[in-house]
Amino acid sequence: MNFELNEEQQALQGSLARLLGDVYGFEQRRAIAATPAGWSQPVWQQLGALGLTALPLPQAHGGFGGGAVDLLPVMQELGRALSLEPFLASIVLGATALRLAGDDAVQAQLLPDVATGEVRLAWAHDEAGGHQAALWVETTARQEGGQWRLDGAKCNVLHATAAHRFVVSARTAGAPGDANGLALFLVDANAPGVACRPHRMVDDTPGGELHFTAAAALPLGDPRDGGAALKAIEGTLAAGTAAVCADAVGAMESAYRLAIDYLNTRKQFGRLIGENQALRHRAAEMLVSLEMCRSMAMAAAIAADDLDAPDARDARDARADLARAKLMIGRHGRSLCHAAIQLHGGIGMTEEYAVGHCLRRLTLIDQLFGDVEAQATRLAEMQ
């Protein structure tokens with residue numbers, strides 16, 4: 001298993017790092033977060049011009065056919081900048097679901113514009129009644145006059161207000177939590193019967209709560225084929241898990257660098273506080289956690305790609321690697337950010353300083369696709 005980035009991935013990471021260094025400094029990020037949209041259209045266009053929005057999409061529809069490993073350096077840089085752009089929502093989650101579930105005609109119609117960034121998608125799957133339950137779906141789908149219609153609500157939809165289309169999970173049969181009876185649908189954000197209540201996540205990422213009332217929906221694939229929909233949902237969640245693991249490593253690295261810079265500049269009693277042996281030990285422990293999580297993020301990306309190509313290895317092992325990576329990054333990521341804040345002292349708790357925002361990012365990521373406790377439960381069930 002190769003845990004090193006190749007030359008092309010390193011070059012892409014370097015290009016993105018330079019771009020974000022110019023347009024996404026911490027004060028620039030704060031200004032973006034303060035806007036009504038909560039993300040930057042010019043930055044989004046620059047990401048598209050760099051080819052990032054096309055990276056994981058099929059070559060047949062204007063993409064480059066990349067996988068989770070190719071996305072790894074991109075998500076790390078976006079995490080390091082604490083990016084608020086709709087990359088995870090549209091390119092990772094929405095586009096993956098459309099690729100796995102949609103028929104050729106739907107993909108040909110939408111994915112080329114998704115690849116350029118002109119059309120944005122959002123993944124609407126989580127529901128309030130199913131906290132940390134990956135397959136808890138109460139939203140129902142029914143046919144009425146030859147048209148599929150959805151009724152229900154979705155919570156914590158990332159970048160809901162930025163999306164042109166929602167990819168929505170709904171139930172055609174079975175009870176909430178059942179693996180059978182699931183289907184995926186495409187819903188126009190401006191369609192009658194669709195209501196969105198916007199809010200901000202703990203790290204200022206735009207989110208929203210969706211309500212569907214007899215909303216017209218286009219099925220992705222055969223809505224009666226619950227097995228295909230289940231596979232698409234699991235594949236989308238796997239891609240999302242790998243992506244946020246990489247994002248978390250970027251945020252961890254940002255917190256670590258801020259802490260080291262502070263130790264090497266802050267003086268107390270006439271000397272740098274970084275000369276204190278106890279603080280140097282703390283910084284060393286942080287570095288160990290960071291490097292371990294960097295390897296776990298690579299393992300998660302490899303596992304997600306293996307699940308996308310089931311012949312690569314046993315799916316059970318790949319799922320276990322994903323759960324293990326998410327668990328370890330959840331534990332060590334928040335611990336590292338807490339340590340970084342403590343090394344800063346009081347300034348680390350202020351809104352105007354970046355290190356506290358790294359912890360907010362890790363807090364959000366821990367809740368996405370199953371927190372530490374949920375991943376531990378999944379691993380136990382696999383034993």
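## Packing of helices H1 and H3

Axes here are lines fitted to C-alpha atoms, for helices over the stretch in contact, and the angles between their N-to-C directions run from 0 to 180 degrees. In this predicted model, helix H1 (residues 7-23) and helix H3 (residues 41-49) have axes that come within 11 Å and cross at roughly 165°. Angles over 145 degrees count as roughly antiparallel, so H1 is roughly antiparallel to H3. The crossing of H1 past H3 is right-handed.

Which residues of H1 and H3 meet? From H1 come Leu16, Leu19 and Val23, and from H3 come Val43, Gln46 and Leu47. Ser40 sits in the loop between helix H2 (26-33) and H3. With a relative accessible area of 11%, Ser40 counts as buried. Apart from neighbours within four places in sequence, Ser40 is in contact with Ile32 and Glu85.

## Helix H9

Helix H9 covers residues 315-344, which is 30 residues. At 1.5 Å a residue, H9 should span 44 Å, and this agrees with the 43 Å between its end C-alpha atoms.

The structure holds 19 salt bridges. One of them joins Asp188 and Arg165, whose closest N and O atoms are 3.7 Å apart. Asp188 belongs to strand S5 (residues 182-188) and Arg165 to strand S4 (residues 165-171), so this pair ties together parts that are 23 residues apart in sequence.

Are these two residues buried or partly exposed? Asp188 has a relative accessibility of 31% and counts as partly exposed. Arg165, at 25%, also counts as partly exposed.

Asp247 and Arg361 form a salt bridge through their side chains, with an N to O distance of 3.0 Å. Asp247 is in helix H7 (residues 226-263) and Arg361 is in helix H10 (residues 354-367), so the bridge links distant parts of the chain, 114 residues apart. Asp247 and Arg361 are both buried.

Glu253 forms a salt bridge with Arg294, and the closest N and O atoms of this pair are 3.3 Å apart. Glu253 counts as buried at 8% relative accessibility, whereas Arg294 is partly exposed with a relative accessible area of 25%. Salt bridges that share partners join Glu253 and Arg294 into one network with Glu77, Arg80, Arg257 and Glu291.

## Positive phi in two loops

Which residue in the loop between helix H4 (68-80) and helix H5 (87-101) is described here? It is Leu82, which has a positive phi of about 55° although it is not a glycine. The relative accessible area of Leu82 is 4%, so Leu82 is buried.

Phe369 lies in the loop between H10 and helix H11 (372-382). Phe369 is not a glycine, yet its phi is positive, at about 60°. Buried means under 20% relative accessible area, and Phe369, with 15%, is therefore buried.

Notes. Residues are numbered from 1 along each chain as its sequence is written. This is a predicted model: local features need pLDDT of at least 70, side-chain atom pairs count only at pLDDT 80 or more; totals for chains, interfaces and linings use all residues. Side-chain values use heavy atoms; hydrogens and water are left out. Helices (H or I, at least four residues) and strands (E, at least two) are DSSP runs, numbered from the N terminus. The expected span of a helix is 1.5 Å times one less than its number of residues. A salt bridge is a side-chain nitrogen of Lys or Arg within 4 Å of a carboxyl oxygen of Asp or Glu. Buried means under 20% relative accessible area, exposed over 50%, partly exposed in between (1.4 Å probe, protein chains only). Angles under 35 degrees count as roughly parallel, over 145 as roughly antiparallel, 65 to 115 as roughly perpendicular and the rest as oblique. A crossing is left-handed if the near helix is turned anticlockwise from the far one by less than a right angle, and right-handed if clockwise. Contact means heavy atoms within 4.5 Å.
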